[in-house]
Structures are given as structure tokens and as C-alpha cells.
Amino acid sequence: TDAPLSPAWKYNPKERDPVMDDIDDNIPAYFGIELWKPNSPGFFLVHNTVFRREDYAGVVIALQAAQASGEGTVATTTLTTVENPWWGIRAGLTVNVTWVYLGRVADWEQQLPEDIRRKVAAKKDLNCTNPHLVREEGTFKNFPNFKTSSQQQLKVPQANLLADLAGWTVLNNKDQFIA
């Protein structure tokens with residue numbers, strides 16, 4: 001995703017619906033919350049509602065808590081499906097979903113060599129106290145939330161560092177991936 005997850009102090013999903021700067025638009029769509037213009041070319045998220053709207057806040061709060069832990073934005077939640085004839089999903093199925101949200105990870109950043117960390121971290125937030133902030137210039141601009149509209153061809157250092165972050169996040173949260 002190219003949208004960093006807003007931390008709990010910036011966005012409380014129990015108090016208001018999200019806006020585009022709060023969260024990737026795909027996640028609210030799974031709960032029937034529209035962040036997009038329904039007739040926008042290329043956006044067909046309107047058919048993706050598979051969970052109850054009232055369960056959305058719990059998922060976001062779990063993701064925000066994981067993000068705040070500094071160990072990777074990974075959260076597992078138990079949800080019940082709603083009927084979705086478009087995708088052939090029956091209502092009432094209980095499913096465990098492990099959500100992995102791409103974003104800055106404080107513990108991972110602290111383990112980087114100092115010279116790399118200074119190139120990757122947001123200049124205003126070298127210690128990753130606000131994971132919503134991303135690098136604004138240079139080779140690692142927007143890392144790890146590269147813009148999918150304009151940064152589709154990553155350079156080798158960008159792809160390698162992104163792969164390392166993803167692998168570290170999964171390994172660091174491996175218990176959530178083991179059934």
C-alpha cells in the first residue's frame with residue numbers, strides 16, 4: 001500500500017469514518033466503508049464488502065496497536081462474513097484473518113546500519129516515533145509506502161530493503177502465521 005496507517009492518536013475508528021490519509025482504501029471496503037468515488041475509473045471496491053461494518057474499528061485498533069509496538073503491523077482477528085453475491089461468499093462464516101499492513105517498523109529500523117537508517121527514515125522522525133511519516137526525498141522517498149501510481153519500478157536498493165522489511169516483519173510475527 002502507498003497509504004501509511006494513521007496511528008491511534010491521529011485516527012480513532014470508533015469516533016469517525018476514515019479518510020484517504022488514514023488507511024489504505026481496500027481495508028474499509030471489506031467492511032462496506034467507501035473512501036473512493038464509486039464511479040472512479042479503475043476502482044471497483046464497491047463489491048468487496050465481506051465483513052460487518054461494526055467490526056471495522058476492532059481491526060483498525062488491532063493494527064494500530066501492532067504498529068505502536070514497533071514489531072510490525074500484523075494483527076489476527078476473528079470475523080464473521082456477510083453475504084456477498086458478487087464474490088459468492090455466504091453470510092455467517094467465522095474466519096480468522098491475519099492482516100499485514102505495510103509501514104515503517106521501529107524495531108527493524110533501529111537494527112539498520114546508521115548510514116542506511118538515515119537514508120530510509122523520515123528526516124523529521126529518525127527514531128520512528130511516528131510511523132505515519134515517511135521519507136520525503138532521495139532514493140528511499142516514501143519508503144516503505146512507495147506510491148503505486150508513480151513508483152512502480154523500484155531500484156535494486158529499494159526492492160532489497162523492502163524485501164528485507166517484509167521478511168523481518170513476517171519472521172518477527174511468525175506465531176500469527178502458524179495455524
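**Close-up views of a predicted model**

**View 1. The salt bridge between aspartate 17 and arginine 53.** Aspartate 17 pairs with arginine 53 in a salt bridge whose closest N and O atoms are 2.6 Å apart.

**View 2. The salt bridge between arginine 16 and aspartate 22.** The closest N and O atoms of arginine 16 and aspartate 22 are 2.6 Å apart, and the two residues form a salt bridge. Arginine 16 counts as partly exposed because its relative accessibility is 33%, while aspartate 22, at 2% relative accessibility, counts as buried, the cut-off for buried being under 20% relative accessible area. The structure holds twelve salt bridges, among them the one in this view.

**View 3. The charged network of Arg52, Glu54 and Asp55**. Glutamate 54 forms a salt bridge with arginine 52, and here the closest N and O atoms are 3.8 Å apart. Through salt bridges that share partners, Arg52, Glu54 and Asp55 are joined into one network. Glutamate 54 counts as exposed because its relative accessibility is 58%, whereas arginine 52, with a relative accessible area of 33%, is partly exposed.

**View 4. The aromatic pair of phenylalanine 143 and phenylalanine 146**. The structure holds eight aromatic pairs. One of them is formed by phenylalanine 143 and phenylalanine 146, whose rings lie 5.7 Å centre to centre with 75 degrees between the planes, an arrangement that is edge-to-face. Both phenylalanine 143 and phenylalanine 146 are buried.

**View 5. The aromatic cluster of Tyr30, Phe31, Phe51, Tyr56 and Trp99**.

**View 6. The nonpolar surface patch of Val100, Val170 and Phe177**. On the surface, Val100, Val170 and Phe177 form a nonpolar patch, and together they have about 240 Å² of accessible area. Valine 100 is placed in strand β2, which comprises residues 94-100. With 47% relative accessibility, valine 100 counts as partly exposed, and its value lies over the 30% relative accessible area that residues of a patch must have.

How values were computed: Residues numbered from 1 in each chain as written. Predicted model: local features only at pLDDT ≥ 70, side-chain atom pairs only at ≥ 80, totals over all residues. Heavy atoms only, no water. Patch = residues over 30% accessible without salt bridge, like charges linked within 9 Å, V, L, I, M, F, W, Y side chains within 5 Å. Areas by Shrake-Rupley, 256 points an atom, 1.4 Å probe, with all protein chains shown as cover. Salt bridge = Lys/Arg side-chain N within 4 Å of Asp/Glu carboxyl O. Helix = DSSP H or I, 4+ residues; strand = E, 2+ residues; numbered from the N terminus. Buried < 20%, exposed > 50% of the residue type's maximum accessible area, 1.4 Å probe, protein only. Phe/Tyr/Trp six-rings, centres within 6.5 Å; stacked < 30°, edge-to-face > 60°.
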